[in-house]
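Hi everyone, thanks for coming. Let me walk you through the inside of this protein, starting with its packing and then its rings.

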Amino acid sequence: MRVSLASGVGLAALLICGAASAQDFSGQRLSDEIRAISTDEFQGRKPGTDGEQKTLAWLQAQYEAMGMEPGGPNGQWLQAVELNRYTPVAGAAAASWGKDGASTPLAAGQDITLRAVSNDGQADVQSAGVVFAGYGITAPERNWDDYGDLDVAGKVVLVLAGEPDGDLFNGPYTTNYQSAAYKADEAKRRGAVGVITVLKDVADSDGWRRQLRGADRVRTLTPGAADLEVTGSVNSDVAGAMLTAGGLDLTSLTQAAGAGDFKARTLDGVTLNLKASETIDTLTTHNLLAKITGSERPNETIVYSAHWDHIGVGGEHAGGEDNIFNGAWDNASGTIGVLEMAREMKAAPRPERTVVFAHMTAEEMGLLGSYAYVADPVYPLETTVADINIDMLPLSPATRDVPIFGKGQNSLEDSLGALAEAEGRYVSDDGQPEQGFYYRSDHFPFARAGVPALMPWHGVDFVEGGKEAGWAAWRERFGRVYHKASDEWSADWDMTGAVQNLTLLYRLGLQLANSDEWPTWKPTSEFGAVRAASDAARQ
């Protein structure tokens, strides 16, 4: 049966009736399996440890027992992920800027922060021209272009931190354009050799001192990150002096950059010299993938994802007698959610499209397993229909709402909304713009690469007790256990909300898997242009 993703509640109800016989999530099974991989034996599931080996072996055994196919490269269960960790060489960073033959030194770790971004860990930029590019944003769907026609090839670009205020950039919910990763990608695409972020903090401020304290930490390079020579940051005093020397004024340019009528400007005659050196060590970890091959269109793929990793033992979060961070909620719950999704999908008639169940590594290190998958996908991204991500299942009674991260981004929320409405529920935003949740789980690398992605969250509109009870329960749990050793399995968990959400996501995935249509990005989404570049592959 071919189905349209836009045919509304009537179709949603039909699908629910048709899917019900093949779907029966068990709250008890969910609870038991979450408990199994969040015991002390699994050592907090940190990548590169015995805890990783135990976790992946346990998951593989479950999938083998189901009769599931391996979904990794070359018919394997595992996708190797090599993560390069960079440590600055003490005293190796050096910087200065010049004008008309005069040179002004910049003390690394005091006036400027510097990191070598190039893959060999060595950065050496000499006499590079300097451009001030406002916020460094090009957003055609918002009719916004900070660069204009200015050529920045071979130059260092100065960009303001964050993004302009106002509804054009989603108001309280930030867009991808505020991220340093986006700004680096855009600068690299235009040929720049480095990006230096201009902070509003002055040199003698707590904000700048905080920036300096974290500047020399060990850093893991994000797979697929822009291969610039160097990145860094300067305070507003240093930036102001450089701009003044180049015939520009930081205050007036900052105001113009936020007003929408700005175009990048060259700092006349100003050059930068930047050097940095870092040692590199490599951590090898793994994603685990299983699949059900589609019966009619096997080259079109739906991905259910969740990260299997957590913090491990001890480390920066340690503090009490119990230093094992079991991560029962975060994210043994989502891991088991994907596993049980696979079990239910396996029991249903074979779908027309391929469905992949992806357990990502190193989410707690910065979504790195998901970024690694997107940088080297097992299944082409242009024919990946959607990513449905499960992180921290709701451990709550029944709710009316189904909050999602990134509401307003793509048509998956409309399809989910129709399915939810058929059950007397409704889709909402996450209600916490200050948290920046949209950028904090494994759906985001897929979205950034143009794949429509959906991340459901915890309902707070309880059927019994309403929003007052729901918000109180959420705040209590999050404050008590998030990234704490107290995130442990409990026999008194209420799995009703988890079963509710998984049931909806099952029906959404089945609907996608038996359709020949493609979810789309909405006109105001920053990810639509990325997807559009591969439209021909989906004709």
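**Packing and rings**

Let's begin at Leu 416, which touches Val 402, Ile 404, Val 427, Leu 454, Leu 504, Leu 505 and Leu 508, leaving aside residues up to four places away in sequence; contact here means heavy atoms within 4.5 Å. A quick note: this is a predicted model, where local features need pLDDT of at least 70, side-chain atom pairs count only at pLDDT 80 or more, and totals for chains, interfaces and linings use all residues. Residues are numbered from 1 along each chain as its sequence is written, and side-chain values use heavy atoms, with hydrogens and water left out.

Now, the rings. Phe, Tyr and Trp rings (for Trp, the six-membered one) pair if their centres lie within 6.5 Å; planes under 30 degrees apart are stacked, over 60 edge-to-face, and the rest tilted. How many aromatic pairs does this rule count? The count is 21.

One of them joins Trp 144 and Phe 169, edge-to-face, at 5.1 Å centre to centre with 90° between the planes. Both residues are buried, meaning under 20% relative accessible area, with exposed over 50% and partly exposed in between (1.4 Å probe, protein chains only). Phe 169 also has Arg 142 over its face, 5.6 Å from the ring centre.

Next, Phe 405 and Trp 457: their ring centres are 4.9 Å apart and their planes at 50°, so this pair is tilted. Phe 405 is buried at 4% relative accessibility, and Trp 457 is buried with a relative accessible area of 4%. Both belong to one aromatic cluster, whose members include Trp 329, Phe 437 and Tyr 482.

Conventions. A charge sits over a ring if NZ of Lys or CZ of Arg is within 6 Å of the ring centre and within 35 degrees of the ring normal.
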